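Some words used for protein structures rest on cut-offs. The questions below ask what stands behind them.

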Amino acid sequence: MMKLFTLKSLLLLSFVALLSSCGETTTTASSKETKKPSLKKVFEADFLMGAAINDGHINGTDTIALKLIQKEYNTITPENIMKWMYIHPQPDSFYFEMADKYVALGEKNNMHIVGHTLVWHSQIADWMQEVKDSVAMAKYLEKHINTIVGRYKGKINTWDVVNEALNEDGSYRNSIFYQVMGERYLELAFQLAAAADPEASLVYNDYNLWKPKKRAGVIRLIKKLQSKGIKIDGIGMQAHYSLVGPEIKDIENSIKAYAALGMKVMMTELDVTTLPNPWDLEGAEVSQNYEKFEGDPTMNPYPQGLPDSIQVKLAQRYEDLFSLYLRHRDDITRLTFWGVNDGQSWLNGWPIKNRTNYPLFFDRNFSAKPVYERIMALKK
Ligand code: XIL
């Protein structure tokens, strides 16, 4: 009996010892993990750091990516799942499964959660394209915004309320919304969003906002909303750039101009294409596709890997951009990359399909590229 008891106690003791040693190892490993530098920690005093995330990240099936997101970033944006065609596919039906998971992921990790995007001409549901009556369209906008913003009230911190409403010359894009309602749709969208969640930060988001004429258009829009007492908190500069353009000075002039009107500025879709772009194409109009270049090897020069010389250029370009952002850290609140690793970037398929691009900080194996250390070193 005694023997048995001793044996039992021994077993129990060793089990407890094993458990606590496991605990210790885990704690040590995770505290090591948390001590590793990361973008969010290094730039903690400057900006929120984030990435656009896709289905695999949200579902948790892409476990390596998810770990990286949790380590590096304190803000997330949904790359596609909240766009009209997915979240509001029929006039009377919404699909919230993925959006709910997305928001839960952000909450679980204590992240600043961005909603992208409420009103946009691209990736819109087919039925919405058919709405030709302004009263009906206003009703649908109301339903769309009230339902979605209302559902995530107090959870989604920032909304890209309207995306890409301007042409390159600063005039209004002739989108379905503009055709049917005129510029009133923008005002209505911001009003509805503000009413549905008064605490959320409301953003106008667009590409090429460094262009002087487009900048002037944004300024007109901000002033108009402000003069009508309509809430707008920030301007999202998408920041889809190349190795050579746009010039830092142009970007800087826009940051200053928006900030001068009381706007917070965010770089919402950061990436730098490393592939040739010989045609007259700037910006990020997603419907542009250059089929004639598909399969042309001169348009896809690095299928096996990025040459060191281009790697250096990429790091230099990002350094120039981050130096600018740091100079304006008082006005810039967030930097969000459009994607997590190079293989997952939309720039492998746009504007020419099936290319191998290298626009982000992490390579196809989720390893940090030289640009990562270079940017972290800016804060040393
Ligand atoms: C892109 C996504 O990355 C792609 O997966 C999708 O096929 C098309 O849209 N500007 C925006 C983003 O505001 O929503 C776009 O995202 C890229 C350009």
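Q: What makes the pair E72 and K71 a polar contact?
A: In this predicted model, the side chains of E72 and K71 come to 2.7 Å. A polar contact needs N or O atoms within 3.5 Å, and neighbours in sequence count only through side-chain atoms. The pair is joined side chain to side chain at 2.7 Å, so the term applies.

Q: Why is E72 called buried?
A: The relative accessible area of E72 is 2%, and buried means under 20%. E72 therefore counts as buried. This residue lies in helix α4, residues 63-72.

Q: How do you know whether L118 is buried or exposed?
A: L118 has a relative accessible area of 1%. The limit for buried is under 20%, so L118 is buried. L118 is part of strand β3, residues 112-119.

Q: What does L118 touch, leaving out residues up to four places away in sequence?
A: The list includes W84, I145, I148, V149, W159 and A193.

Q: How do you know that the span of α13 is close to the expected one?
A: Helix α13, residues 308-327, has 20 residues and reaches 28 Å from its first C-alpha to its last. At 1.5 Å a residue, 28 Å is expected.

Q: What covers the buried residues of α13?
A: The cover includes strands β1, β7, β8 and β9 and helices α12 and α14. Among the buried residues of α13 are I310, L314, Y318, L321 and Y325.

Q: Which residues come nearest to the ligand?
A: Of the 15 residues around the ligand, E79, K83, H116, E269 and W338 come nearest. For W338, a side-chain N or O atom is 2.9 Å from an oxygen atom of the ligand. The protein covers 84% of the 420 Å² of accessible area that the ligand has on its own.

Q: How many residues of the shell around the ligand are nonpolar, polar and charged?
A: The shell has 5 nonpolar, 6 polar and 4 charged residues.

How values were computed:
Residues numbered from 1 in each chain as written. Predicted model: local features only at pLDDT ≥ 70, side-chain atom pairs only at ≥ 80, totals over all residues. Heavy atoms only, no water. Helix = DSSP H or I, 4+ residues; strand = E, 2+ residues; numbered from the N terminus. Expected span 1.5 Å × (residues − 1). Buried < 20%, exposed > 50% of the residue type's maximum accessible area, 1.4 Å probe, protein only. Contact = heavy atoms within 4.5 Å. Near = heavy atom within 4 Å. Polar contact = N/O pair within 3.5 Å; in protein donor to acceptor, adjacent residues only side chain to side chain. Areas by Shrake-Rupley, 256 points an atom, 1.4 Å probe, with all protein chains shown as cover. Nonpolar A, V, L, I, M, F, W, Y, C, P; charged D, E, K, R; others polar.
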